[in-house]
Amino acid sequence: MKKWFAALLALTLAFTLFADFGGKESIVVCASSEQFRNDALQEQLNKKFPNYDVIVMYMPTGKAAAKIYAEGVDTEVDILVGLETSYMAKIHEDLGDVSGVSRLPYLEGLAPEDNGNLWVTWERQAGAIVVNQNILDKYGLEAPRTYEDLLKPEYQGLIAMPDPKSSGTGYFFYKSWVNTMGEDAALDYMDKLYANLKQLTESGSGPIKLLKQGEVAIGLGLTFQAVSEINAGQPFEIIFPEEGSPYSLTGIGVIKGHEQKPGVSEVLDFIANDFLVYDKENFSPEGIYEGQVNQIEHYPQDVKYADMTGIDQISEKERLLGLWKY
């Protein structure tokens, strides 16, 4: 009886979510961006394509990749937005050709042809050391300026970072340490840093949330989230280590064969050009194309980026995560 009820419930939910109501063609966009960005995307798609039933469905990047890897081209998902490029590489056999989709002048190395025409670059997610000045003042501490500073005993229990096993943000910090320090030195560094951590957070936004709540003084987090909190009045400071701002890249892709469905190519074109520009101007402004405009107040300019060689290699990511013991 329980199995029958569960099956009936799943069927009902699927029908509710994906049924072709009113004769409209359903198009499913699986988006891994924050909810407020997905909400903006949904709103604009509703206005632009009233003749289609476009559904923006949130799913974390790792889970989205696992879903496509398991379901292949038979998935109900048509378009992927914000999937880390390492995961794009993992599911490359299920991705359609995006040649000619983008009309934006991408920076060197970020154009669709540099991605094998399997995805269009969606964003650069970059990070920094972020501090809550009020909490530092409470303990009479100076802000750290380098990664080495984070190992000082006075910061014990006052630092948060995302877990690389569950967070792309955590992984790009880890990968940047491997690239700049060397693998053995990076693992030794992490052993020492772990002793100072209050928490390894599940998501990339976790450290910023803990900073905002006053539970930690220092967080390794996303720059654009820190700027958003600064603009909301939080006493945060963004500090870029001398090695540069670590980052990862995400992409927009279409499931192979789904571009033939009515409306999918039109929706893909809109997201990869019109909405991408809107998103970068208003939400996630790290540079990915020439002439990019930033509308966000207090956003750092002329950011130096860290050496992120290999950030899009899934085999390297899986190997390094196998060495992560926390």
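This is a predicted model: local features need pLDDT of at least 70, side-chain atom pairs count only at pLDDT 80 or more; totals for chains, interfaces and linings use all residues.

User: What makes up the chain in terms of helices and strands?

Analyst: The chain has eleven helices and nine strands.

User: Why is the chain called as compact as a globular protein of its length?

Analyst: Its radius of gyration is 21 Å. The globule rule gives 20 Å for 326 residues. The two values are close, so the chain is as compact as a globular protein of that length. Its C-alpha atoms fill a box of roughly 65 × 55 × 40 Å along the principal axes.

User: What share of the contacts with a separation of 6 or more comes from residues 24 or more positions apart?

Analyst: That share is 74%.

User: How far apart are the mean positions of the positive and negative charges?

Analyst: They are 6 Å apart. The chain has 27 positive and 48 negative charges.

User: What pairs with S2, and in which sense, parallel or antiparallel?

Analyst: Strand S1, residues 25-31, pairs with S2 in the parallel sense. Seven bridges link the two. In one of these, Ala 31 has Tyr 58 of S2 as its bridge partner.

User: How do you know that strand S3 is mostly covered?

Analyst: Strand S3 spans residues 79-84, and six of its six residues are buried.

User: Which strands pair with S3?

Analyst: S1 pairs with S3 in the parallel sense, over three bridges. There, Cys 30 stands opposite Leu 80. Strand S9, residues 247-254, runs antiparallel to S3 and is joined to it by five bridges. Leu 80 has a bridge partner in S9 as well, namely Gly 253.

User: Which residues of helix H9 are buried, and what do they pack against?

Analyst: Helix H9 covers residues 223-231. Its buried residues are Thr 223, Phe 224, Gln 225, Ala 226, Val 227 and Glu 229. They pack against helices H2 and H8 and strands S4, S7 and S8. Just after H9, Gly 233 takes a positive phi of about 105 degrees.

User: What makes Leu 268 count as buried?

Analyst: Leu 268 lies in helix H10. Its relative accessible area is 5%. The limit for buried is under 20%, so Leu 268 is buried. Not counting residues up to four places away in sequence, Leu 268 touches Ile 79, Val 101, Ile 252, Gly 253 and Val 254.

User: Glu 316 carries a charge. Is Glu 316 buried or exposed, and why?

Analyst: Buried. Glu 316 has 17% relative accessibility, and the cut-off is under 20%. Therefore Glu 316 counts as buried. Glu 316 is found in helix H11. Beyond its neighbours within four places, Glu 316 is in contact with Tyr 171, Lys 175 and Gly 310. Lys 175 is 141 residues away along the chain, yet the two C-alpha atoms are separated by 9.5 Å.

User: Why is Glu 142 called exposed?

Analyst: Its relative accessible area is 66%. Exposed means over 50%, so Glu 142 is exposed. Glu 142 lies in the loop between helix H5 and strand S5. Leaving aside neighbours within four places, Glu 142 is in contact with Leu 136 and Tyr 155.

User: What makes the phi of Asp 302 worth a remark?

Analyst: Most residues other than glycine have a negative phi. Asp 302 is not a glycine, yet its phi is positive, about 50 degrees. Asp 302 is found in the loop between helices H10 and H11. Its relative accessible area is 80%. With the cut-off at over 50%, Asp 302 is therefore exposed.

User: Where is Asn 117, and what is its phi?

Analyst: Asn 117 sits in the loop between helix H4 and strand S4. Its phi is near 55 degrees, a positive value in a residue other than glycine.

Methods: Residues are numbered from 1 along each chain as its sequence is written. Side-chain values use heavy atoms; hydrogens and water are left out. Helices (H or I, at least four residues) and strands (E, at least two) are DSSP runs, numbered from the N terminus. Buried means under 20% relative accessible area, exposed over 50%, partly exposed in between (1.4 Å probe, protein chains only). The radius of gyration is taken over C-alpha atoms; the globule rule is 2.2 Å times the number of residues to the power 0.38. Contact means heavy atoms within 4.5 Å. The place of a charge is taken as NZ of Lys, CZ of Arg, CG of Asp or CD of Glu. Two strands pair if DSSP finds at least two bridges between them.
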